[in-house]
Amino acid sequence: METPAFPGAATGGDLAVQLPSGYLPSLGDIDHIAADSAVYSDDELDELDRDLGIQPRKRAKRTVPRRDTLPPALAKKMGDANMLFVTQDLQGAAQLLLEIIREAPHVASPYHTLGLIYEQLGHQQQALQVFVLAAHFTPRDVDMWRRLAMMAEELEETDLAVHCLTRLLRMESNDTEALRHRTMLYERVGNVKRALEGYRLLYQKVPDDPDVVKRYCHCLFTVDKSHNAVRILNEYVESARKRLPSQDAAGDDARAAVWDFTVINMLCELLMQMKDFKAALSLIDETIALKITLYLPIELTIRRGLCQLCCEAPDANDDDRADTEACISRIFDLDPGEYAALYIDVGDMYYYMEMPDKALAVLSCLETVPEYDNADLWIRLARCYKDLPDGDEQALRYAESVVEEHPSDIESRMIMSEVFRERGDSDKAIAALKGVDEEQQFDHGSPDEHVTHRRGMTLPIDMTSLSMMHQAAKLCFDERRYDDVVSACYDRLSRTLNAVVSRRDFRLEKRAAATGSDDAKQVHMRIRSIPPLLLDPLFLETLTILCSSLALVGRVDHASTLLKQTLRFEWPPLSFWANALRCVAVDVFMHRGDYARACSQATVFLIDGQDPRPAIAFLNLVQRMGYPERYRRYLERALVKWPSCPVLRAAHAHYFVMKKTYGRAVRGYLRALEASPDPCSDHLVLFTGLAFLHRAMSPSVANRHYYVMRAFEMLFEYKKRKPNAAHPLYNLARAFHTIGINHLAERLYKETLSLSSKLSRPARRADREACVDMMFPLSSTRPAASEAKIARAAAFNLSLLYRRSGRLELASSLLHQYICF
């Protein structure tokens with residue numbers, strides 16, 4: 001049957017009403033309808049204007065009575081139109097309805113009937129527009145707004161559907177289904193903020209609804225609020241424990257409706273991401289004990305295996321390990337396209353447990369799924385190949401693929417840099433890290449927890465870009481490209497410190513103003529709250545490298561400014577890189593003549609530090625101070641205050657070594673040994689042995705043999721503590737050489753050369769060039785390879801023994817191999 005034509009059925013007809021970009025149609029689009037404003041109430045007009053985006057005008061009160069019913073003549077026409085509609089004379093009915101609308105455009109019933117005609121003819125969009133007009137003429141009709149929301153959603157008019165549900169909820173605030181429907185629409189269009197608010201209201205109304213809990217927690221997870229999601233899921237599980245009927249009182253379906261497996265799976269996934277594997281395993285074991293189903297869902301079975309893997313004791317038996325592997329291996333029974341997220345979770349967990357080969361076997365399955373064969377998968381594969389013995393080529397290939405698609409990806413560039421560095425190509429390693437500018441680094445990825453301080457301070461750096469900056473700085477420093485270190489790090493690190501210090505000074509001024517006190521104690525109050533980024537060892541190491549590089553390129557003033565800003569904070573004790581930064585400060589301040597600051601920082605790590613490296617480096621540095629008597633007085637005052645500090649005792653003994661008063665030096669080292677913990681006593685054993693040896697060689701010693709025996713006792717003890725190092729052998733050889741036992745000295749020198757050749761690269765010109773000690777860049781130098789330096793010293797001393805015994809050819813060969821350029 002041919003569809004009858006009637007006015008408005010086609011575009012451009014009498015009732016071709018078009019919706020604008022907003023929620024509601026414009027009444028002005030219906031040109032032939034006379035909008036008699038006198039028939040509307042003021043409230044209706046204001047409400048219509050607001051919905052149409054028109055600013056309501058101030059109007060005087062109208063005395064015209066409200067008319068929402070048809071006059072008798074039009075009521076008769078309306079009856080005739082309804083009769084024509086029932087008899088399927090749609091064209092005649094439409095003509096009558098249009099006449100009624102022209103004469104009474106404020107009445108909703110003609111619009112209802114006209115909308116039904118559009119629906120019957122299949123013109124759903126026009127029907128929706130007419131029904132919207134009818135709904136605005138009857139704004140309190142709840143059923144009409146509900147029907148409009150359903151129609152708008154079917155026609156993919158999401159904004160209009162949300163508007164209709166909002167009007168409905170204004171009248172029926174307890175309608176949970178309408179609230180759920182609107183919240184799901186918000187989530188569908190990506191309005192996460194309003195979706196979260198809607199799910200929060202739903203959770204307050206129906207906290208035991210598993211669908212609400214799942215959707216609410218999914219939204220929380222998308223905005224990085226996993227802790228809140230875990231709290232809500234735990235509340236649901238706790239409520240489910242109380243509501244769960246017994247196995248005799250209800251069937252499995254009723255019990256499964258309460259103990260929802262999807263909720264359990266979500267909670268386990270979040271707990272595993274938070275590394276709380278014991279809680280996840282306990283929850284899965286509880287699910288098994290409830291015996292709700294005969295078999296545990298496969299997702300929970302796999303997650304149970306992963307939790308067992310992470311909680312597995314080192315002495316676990318083979319049966320437990322086989323059970324764990326059997327649970328995890330079921331992942332290969334699942335379709336990668338359907339369970340891609342689970343494949344990624346299993347691969348990430350294997351990588352977290354340092355099993356890159358198994359992670360690679362799982363993640364490689366996703367390469368067959370086109371929608372998941374992307375940069376996110378490639379970077380995971382690059383990580384796994386990087387940790388495999390022969391996987392550098394594949395790691396480089398996948399990392400380059402990621403960089404081609406995302407040039408600002410930092411992690412892939414770091415992997416490329418590590419591969420090039422291990423190959424010995426430092427230029428390519430540094431170039432791989434220079435392909436990302438600052439804005440790309442800052443905008444890359446999700447914001448890290450260190451970027452914004454909890455007090456509202458935003459730092460111009462995050463942990464990802466810091467890792468890349470650290471790697472570039474370390475590579476450039478090792479290659480002695482100090483200008484490149486400064487250009488890569490100075491600007492951003494200085495701005496970071498300026499932001500932190502400015503925030504700190506602002507808080508000091510604010511607190512001083514609040515208390516009304518300007519005294520020195522109030523102004524110089526210490527602020528202990530440091531952003532977590534500045535406490536990270538990576539940041540401190542990068543800052544140490546930068547300050548050393550600044551000092552080496554002649555920008556000592558800039559290094560001093562950075563160090564003053566950094567050392568205004570109270571760093572935690574026993575931090576290696578904090579002490580290393582203090583060592584740089586001691587060196588820089590001392591060479592600028594600021595001895596007060598240098599001694600202040602030296603005292604901090606001498607008293608608090610347990611790592612011997614900063615202390616020993618400081619002992620070597622004070623020999624170049626040029627103020628030995630002033631240094632002695634400083635040490636004696638410090639020893640009165642901290643008499644049990646082994647480093648101060650050793651520094652005091654060191655002073656007497658410089659003064660060649662070896663008897664007092666021996667006593668000082670022995671006291672330092674008594675007070676020193678085991679990790680710090682190795683160097684003290686060596687110093688004590690050398691002090692005994694120097695004392696034995698003094699012309700005025702009374703019991704020379706006693707001191708010689710004690711010297712060799714200490715030197716052999718040091719060799720016992722350092723069995724795989726060359727310098728204990730060298731010290732012993734030099735001691736035998738000093739007292740004239742040349743055959744033992746010659747044998748030990750040869751052992752030193754043999755061991756040094758195994759521990760270091762062949763002696764080359766680059767190895768013999770001096771490179772800078774990072775902690776004391778201006779005062780001390782060390783060889784690029786310490787074993788090579790020991791080998792050269794041993795070779796030179798051995799050549800002296802050869803010359804004395806007349807073996808000139810051996811001496812010449814030795815010098816040519818190790819000493820001559």
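Hi everyone, let's start with a pair of helices. Helix H20, residues 392-405, and helix H21, residues 410-422, have axes that come within 9 Å and cross at roughly 145°. Please keep in mind that this is a predicted model. The crossing of H20 and H21 is left-handed.

Who is touching whom here? On the H20 side we have Asp392, Ala395, Leu396, Ala399, Glu400, Val402 and Val403, and they meet Ser412, Arg413, Ile415, Met416, Val419, Phe420 and Glu422 of H21. Sorted by class, this contact of H20 with H21 has 9 nonpolar residues, 1 polar and 4 charged.

Now let's go back along the chain to another pair. Helix H3, residues 90-103, packs against helix H4, residues 109-121, at an angle of about 150°, and their axes are 10 Å apart. Are H3 and H4 roughly parallel or roughly antiparallel to each other? With an angle over 145 degrees, H3 and H4 are roughly antiparallel. Their contact is made by Leu90, Ala93, Ala94, Leu97, Ile100 and Ile101 from H3, together with Pro110, Tyr111, Thr113, Leu114, Ile117, Gln120 and Leu121 from H4. What kinds of residues are those? The contact of H3 with H4 divides into 11 nonpolar and 2 polar residues, with no charged ones. The crossing of H3 and H4 is left-handed.

One more pair, and then we move on to single residues. Helix H8, residues 176-189, and helix H10, residues 210-222, cross at roughly 30°, and their axes come within 12 Å. That angle makes H8 roughly parallel to H10. The crossing of H8 and H10 is left-handed. H8 brings Arg180, Met184 and Glu187 to the contact, while H10 brings Asp211, Val212, Arg215, His218 and Cys219. By class, the contact of H8 with H10 has 3 nonpolar, 1 polar and 4 charged residues.

Next, some backbone angles. As background, most residues other than glycine have a negative phi. Arginine 480 is not a glycine, yet its phi is positive, at about 60°. Where does arginine 480 lie? Look in the loop between helix H24 (463-478) and helix H25 (482-515). Arginine 480 counts as partly exposed, because its relative accessibility is 32%.

Lysine 660 also belongs in this part of the talk: its phi is near 60°, a positive value in a residue other than glycine. You can find lysine 660 in the loop between helix H34 (646-658) and helix H35 (662-675). Its relative accessible area is 64%, so lysine 660 is exposed.

Let's stay with loops for a moment. Serine 698 is found between helix H36 (681-696) and helix H37 (704-721). Is serine 698 buried or exposed? At 11% relative accessibility, serine 698 counts as buried. If we set aside its neighbours within four places in sequence, serine 698 is in contact with Tyr662 and Arg704.

Last topic: the cysteines. A disulfide is a covalent bond between the sulfur atoms of two cysteines. How many disulfides does the structure hold? The count is 0. Take cysteine 311, for example. Its closest cysteine sulfur belongs to cysteine 307, and the two sulfurs are 6.2 Å apart, which is too far for a bond. For comparison, the cut-off for a disulfide is 2.5 Å. Cysteine 311 is partly exposed, with a relative accessible area of 30%, whereas cysteine 384 is buried, with a relative accessible area of 1%.

Key. Residues are numbered from 1 along each chain as its sequence is written. This is a predicted model: local features need pLDDT of at least 70, side-chain atom pairs count only at pLDDT 80 or more; totals for chains, interfaces and linings use all residues. Side-chain values use heavy atoms; hydrogens and water are left out. Axes are lines fitted to C-alpha atoms, for helices over the stretch in contact, and angles run from 0 to 180 degrees between N-to-C directions. Helices (H or I, at least four residues) and strands (E, at least two) are DSSP runs, numbered from the N terminus. Angles under 35 degrees count as roughly parallel, over 145 as roughly antiparallel, 65 to 115 as roughly perpendicular and the rest as oblique. A crossing is left-handed if the near helix is turned anticlockwise from the far one by less than a right angle, and right-handed if clockwise. Contact means heavy atoms within 4.5 Å. Ala, Val, Leu, Ile, Met, Phe, Trp, Tyr, Cys and Pro count as nonpolar, Asp, Glu, Lys and Arg as charged, and the others, Gly among them, as polar. Buried means under 20% relative accessible area, exposed over 50%, partly exposed in between (1.4 Å probe, protein chains only).
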